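Good morning, colleagues. Please look at the sequence and the model as they come up, and I will then take you through several regions in turn.

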Amino acid sequence: MSDLKPAPRRSSKAKAEPKAKPKVKPGAKPKAPPAVPAKTVGRALKASTPKPVDTATMVEIFRRLRAANPEPRGELDYTNPYTLLVAVALSAQATDVGVNKATRNLFPVADTPQRMLDLGEEGLREHIRTLNFFNTKAKNVIAAARRLAEEFGGEVPNSVEILETLPGVGRKTASVVVNIAFGDPRVAVDTHIFRVTNRLPLAITRTPLETQEALEALIPDEFRLHAHHWLILHGRYICKARRPECWRCPVNDLCRYPDKTIP
């Protein structure tokens, strides 16, 4: 037997030589680092989101909001359930101040579905011309007035489900109407309430409907009737979108929002 050992096999793949770094021309800007995948960002944000407050803290939050404003009221002018319905429908993509200016001369001549039909779409447009999307809103208000007159005897039904079937009436509008006009403790959700809910947070939600369902399930009965007003007014005047005025917030010490502001 030979003592000679067979030579080791050579790999068919040549050993890769290290790549030379690309030369950067003088004055050229270096390439930006690769973007972080959206999923990674989402996981980071989710990890930093505070947990919703516990029941005892939620009770204390609403107790303080009630103490500061025992009988909260909406800022839209109305005279009866029908004019409330019209005012809320007109307030989409508009300010309450702007709606009140438009309805100041409208409601004295059209405070029922039949009187609105008598005014007609063209007459209504003249009154609400200062509001965004006034053409579409006029068309919807007249169509809704026709249904109320023909199917409900001119009365506004105390039902979110029925009101939602009217032209130009969504879940938020329907919930506001039954809450204010009929004392139904529904929590209508707009951008202010959505923001406040997720900032405190009372709940972590993704849509207005999800927010409404969560709040109506979580808010104790004694606070639910006025919860809509307390949260919307808090969001409109204190917990603002761009720069919340945390230094004068009555629930600052209970809020878990990580980016509080100072004066």
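Threonine 205, with neighbours within four places in sequence left aside, is in contact with Phe194, Asn198, Glu210, Thr211 and Ala214, where contact means heavy atoms within 4.5 Å. This is a predicted model, in which local features need pLDDT of at least 70 and side-chain atom pairs count only at pLDDT 80 or more, whereas totals for chains, interfaces and linings use all residues. Residues are numbered from 1 along each chain as its sequence is written, and side-chain values use heavy atoms, with hydrogens and water left out.

Threonine 205 sits in the loop between α9 (191-199) and α10 (208-218); helices here are DSSP runs of H or I with at least four residues, strands are runs of E with at least two, and both are numbered from the N terminus. Is threonine 205 buried or exposed? With a relative accessibility of 9%, threonine 205 counts as buried. The term buried means under 20% relative accessible area, exposed means over 50%, and partly exposed lies in between, for a 1.4 Å probe and protein chains only. The side chains of threonine 205 and threonine 211 are joined by a polar contact of 2.7 Å. A polar contact is a pair of N or O atoms within 3.5 Å; within protein, one must be able to donate a hydrogen and the other to accept it, and residues adjacent in sequence count only if both atoms are side-chain atoms.

I turn to the cysteines. The unreviewed UniProt entry places the feature "binding site" at Cys239, Cys246, Cys249 and Cys255; UniProt positions are in the numbering used here, feature names are shortened, and annotations may be inferred rather than shown by experiment. These residues span 17 residues in sequence, yet no two of their C-alpha atoms are more than 10.8 Å apart, so they gather at one spot. Cysteine 246 lies in the segment after α11 and is buried at 10% relative accessibility. Not counting residues up to four places away in sequence, cysteine 246 touches Asn252, Lys260 and Thr261. Cysteine 255 is also placed in the segment after α11, and is buried with a relative accessible area of 16%. With residues up to four places away in sequence again not counted, cysteine 255 touches Arg199, Leu200 and Lys260.

Next, the charged pairs. The structure holds 18 salt bridges, each a side-chain nitrogen of Lys or Arg within 4 Å of a carboxyl oxygen of Asp or Glu. One of them pairs the side chains of glutamate 75 and arginine 236 at 2.4 Å, N to O. Which parts of the chain does this pair tie together? Glutamate 75 lies in the loop between α2 and α3 and arginine 236 in helix α11 (residues 221-237), so the pair links parts that are 161 residues apart in sequence. Glutamate 75 is partly exposed at 31% relative accessibility, as is arginine 236 at 22%. Another salt bridge joins the side chains of lysine 240 and glutamate 245 at 2.8 Å, N to O. Lysine 240 is partly exposed, at 31%, whereas glutamate 245 is buried, at 16%.

Finally, the side chains of glutamate 60 and arginine 63 form a salt bridge of 2.7 Å, N to O. Both residues lie in helix α2 (residues 55-68), three residues apart, about one turn of the helix.
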